[in-house]
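Biologist: I would like to learn how to read a structure of this kind. Could we go through it feature by feature?

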Amino acid sequence: MSEALLNLSFTLAAFVFNVTLCVLVTVYGTEDKHKNLTFRNFTYILLIGNVITICDVFFRRSAIVYIPYTLRLIIYVLSFLSNVMLTYFFAKYAESFFQTNKRRKFFSTLNDIILVGLFATAFVCFFLTLPHISDDKYSYLLPSVPKLILAYYSELYYLLYAMVVFLVNARDLNKRARITAAAAFTVTISVIIFELFNPTEIYFNYFGAILGLYIFYIGVETPDYKNLMATMKELEIARLKADEANRSKSEFLANMSHEIRTPINAVVGMNEMILREAHEPEIIEYSHNIESAGRGLLSIINDILDFSKIEAGKMELHEGPYKSGSLISDIAVMLSVKAKEKNLQFDVDVNETLPDGLIGDEVRVRQIVVNVLNNAIKYTEKGGVRLAVDYTRVADICTLIFKVSDTGIGIKKEDLPKVFEKFDRVDMEKNKTIEGTGLGLAIVKRLLSMMNGSIDVESEYGKGSTFTLRVPQKVDKDEAIGDYRKKFNSSFATQDGYKELFLAPDAEILVVDDTVVNLTVVKALLKKTQIRIDVAKSAAEALVKTVQKHYDTILLDNRMPGMDGAEALPIMRTQEGGLNHETPIICLTADAISGARERYLAEGFTDYLTKPIESVALELMLLKYLPQDKVK
Ligand code: ADP
């Protein structure tokens, strides 16, 4: 086959491929209409270029048919322009893969300016002898270097630009797009290089270009793939929106909990004063009702807060050494009071060889066991509740086994898997008078899984249920807890009726809180201890008092308008002429979020107390920090 025919057949083959691709993107690309049109435009431009090239090859290069010089010149200029346009659109196509930024916008404008310049060049070329034009005898003239550059530089510039755009931003592409772009570039650029150094007059460029385009089409431009990518983008946007909404929800809950806890603090505290001082049975009964409603509300808020923390992945465990004996004793004391209120039998059975010194998150272990025991009492009307504590041990890991059995309403077999779901409450016709949010066991289960523990339930409907909790903890000291019952009974004895733990008429403390009712509550709670109490309604007021008097302990509210507790603390510690540089300063906070304790201690507070302030907790805290000689 002659060179001329070979040349023509390559160009025609490129044309056939190109027409096919144009049909494909036109017919199947329609779903894409409002999205990325660049690829389609690119394909059309290629087709126009291809037609011009066929003319170029047919009339000029191969000189199969003789045409006058001027006509050949026109065809040359058109072919030059179509090459330029093609690479220009390829640069645009490369840009369409990425989001526009300032730099890309700049280069995109620069590309437009260069394009205008090239059109001007083409106009000039029209009047000059041109690189690739053959002489009148149709033989090919190798152009001079400047002309060669003129003919190719623009195309090379745009191609290079497209390549750089892909390379610089490759990380933003998925693997498939990266491989596609790399394959398309390799094919197209190899063909162009081959063409550049090709001694014959066979013209391959369009063949290379259409191959590259097919690779892009198969790789990333098929409608199915485009739809998938568009859907994934929508999903990503939806995910971001959901994350944002979840964040605001958590923030809202944290703020709400603070806002709600503060007034409950006042209600529960004031109510406690009524309980202590009232003598009429009716008033005492009302007051008891207020107390139980207040505590109920508080526990709901805590549940919601805990759950939203767990859901947001922000719940953290804070491990430390603790005594299993005191943990079990606290739990037993607390729950025996509740069982007694419902006239239920309450038994605790503890394996005496259980190691006393453990390491774990005591607060969360207590929360888990109390929650399950609370349910047992809540869902039992007669009979009793039993807590059995046992353990298994492997090396220094002791798995605590808490078995909570009740003789309550039981759970139907089909409902058993549901009890650990959030907001799921089962057997509602029987349970509708029992208050609950359905969050308790969901929290228990999630906390346990954070501790690598587990919870199982067995139940016989109408007869009772047994929940078994397994909590792995590290052993700190090997000492056994021994006869635990003695401890339990002695603590239990102190629970009937309020009696102040100590008297300290010589002790002086300062209480700082912007909510006046809180100051009144603390004063009232400590009335019988005879402690002398100064109050301040702001950090600024407190800072005046701390230079006037030495206090044995300072209770400092954390959240106050103007200067807050955390800001006032370092000033108190260092203030010039201050008399309280060493005084224990206890943070008062409504913030019950886990991790709060560590945060306050890190900020320099000696300790912290959560609101609503409980009288026993307050007295125990003061007992710990007041000078021994002032306490009776
Ligand atoms: P709630 O706030 O409703 O008590 P929980 O998550 O603690 O939520 O419990 C989920 C459901 O499991 C309860 O609504 C109740 O139907 C059932 N349940 C939990 N503990 C017991 C039990 N000891 N006896 C019978 N039913 C129980």
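Modeller: Begin with the elements: the chain has 19 helices and 12 strands. Keep in mind that this is a predicted model.

Biologist: How many residues are in the chain, and what percentage of them is buried?

Modeller: There are 632 residues, and 46% of them are buried. The chain exposes about 32,100 Å², of which carbon and sulfur atoms supply 62%. As for contacts between residues at least 6 apart in sequence, 73% join residues at least 24 apart.

Biologist: Which residues have the most contacts inside the largest nonpolar core?

Modeller: They are Leu-373, Phe-402 and Leu-469, in a core of 50 residues. Helix α11, residues 362-378, gives the most to this core, namely 8 residues. Take Leu-373 as a case: beyond its neighbours within four places in sequence, Leu-373 is in contact with Ile-331, Leu-335, Phe-346, Val-385, Leu-387 and Val-404. Another core, of 48 residues, lies apart from that one, and includes Leu-21, Leu-115, Leu-118 and Leu-213.

Biologist: How should I read a pair of aromatic rings?

Modeller: Two values describe such a pair: the distance of the centres and the angle of the planes. In this structure the count comes to 24 aromatic pairs. For Phe-97 and Phe-166 the ring centres are 5.0 Å apart and the planes stand at 65°. Planes over 60 degrees apart count as edge-to-face, so this pair is edge-to-face.

Biologist: Where in the chain do Phe-97 and Phe-166 lie?

Modeller: Phe-97 is in the loop between α3 and α4, Phe-166 is in helix α5, and the two are 69 residues apart. Phe-97 is partly exposed, at 21% relative accessible area, whereas Phe-166 is buried, at 5%. Both belong to one aromatic cluster, which also includes Phe-39, Phe-42, Phe-90 and Tyr-93.

Biologist: And what is the idea behind a salt bridge?

Modeller: Side chains of opposite charge can pair when their charged atoms come close. A search of the whole structure finds 17 salt bridges. One of them joins Lys-527 to Glu-277, with the closest N and O atoms 3.3 Å apart. This pair links distant parts of the chain, 250 residues apart: Lys-527 is in the loop between α15 and β9, and Glu-277 is in helix α8. Lys-527 is exposed, at 53% relative accessible area, while Glu-277 is partly exposed, at 45%.

Biologist: Is Asp-607 buried or exposed?

Modeller: Asp-607 counts as buried because its relative accessibility is 3%, and the cut-off for buried is under 20%. Its side chain meets that of Lys-624 in a salt bridge of 3.4 Å, N to O. Lys-624 is exposed, with a relative accessible area of 54%.

Methods. Residues are numbered from 1 along each chain as its sequence is written. This is a predicted model: local features need pLDDT of at least 70, side-chain atom pairs count only at pLDDT 80 or more; totals for chains, interfaces and linings use all residues. Side-chain values use heavy atoms; hydrogens and water are left out. Helices (H or I, at least four residues) and strands (E, at least two) are DSSP runs, numbered from the N terminus. Buried means under 20% relative accessible area, exposed over 50%, partly exposed in between (1.4 Å probe, protein chains only). Contact means heavy atoms within 4.5 Å. Accessible areas come from the Shrake-Rupley method with a 1.4 Å probe; for residues, only the protein chains shown count as cover. A nonpolar core is a set of buried Ala, Val, Leu, Ile, Met, Phe, Trp, Tyr and Cys residues joined through side-chain atoms within 4.5 Å. Rings of Phe, Tyr and Trp (its six-membered ring) pair if their centres lie within 6.5 Å; planes under 30 degrees apart count as stacked, over 60 as edge-to-face and the rest as tilted. A salt bridge is a side-chain nitrogen of Lys or Arg within 4 Å of a carboxyl oxygen of Asp or Glu.
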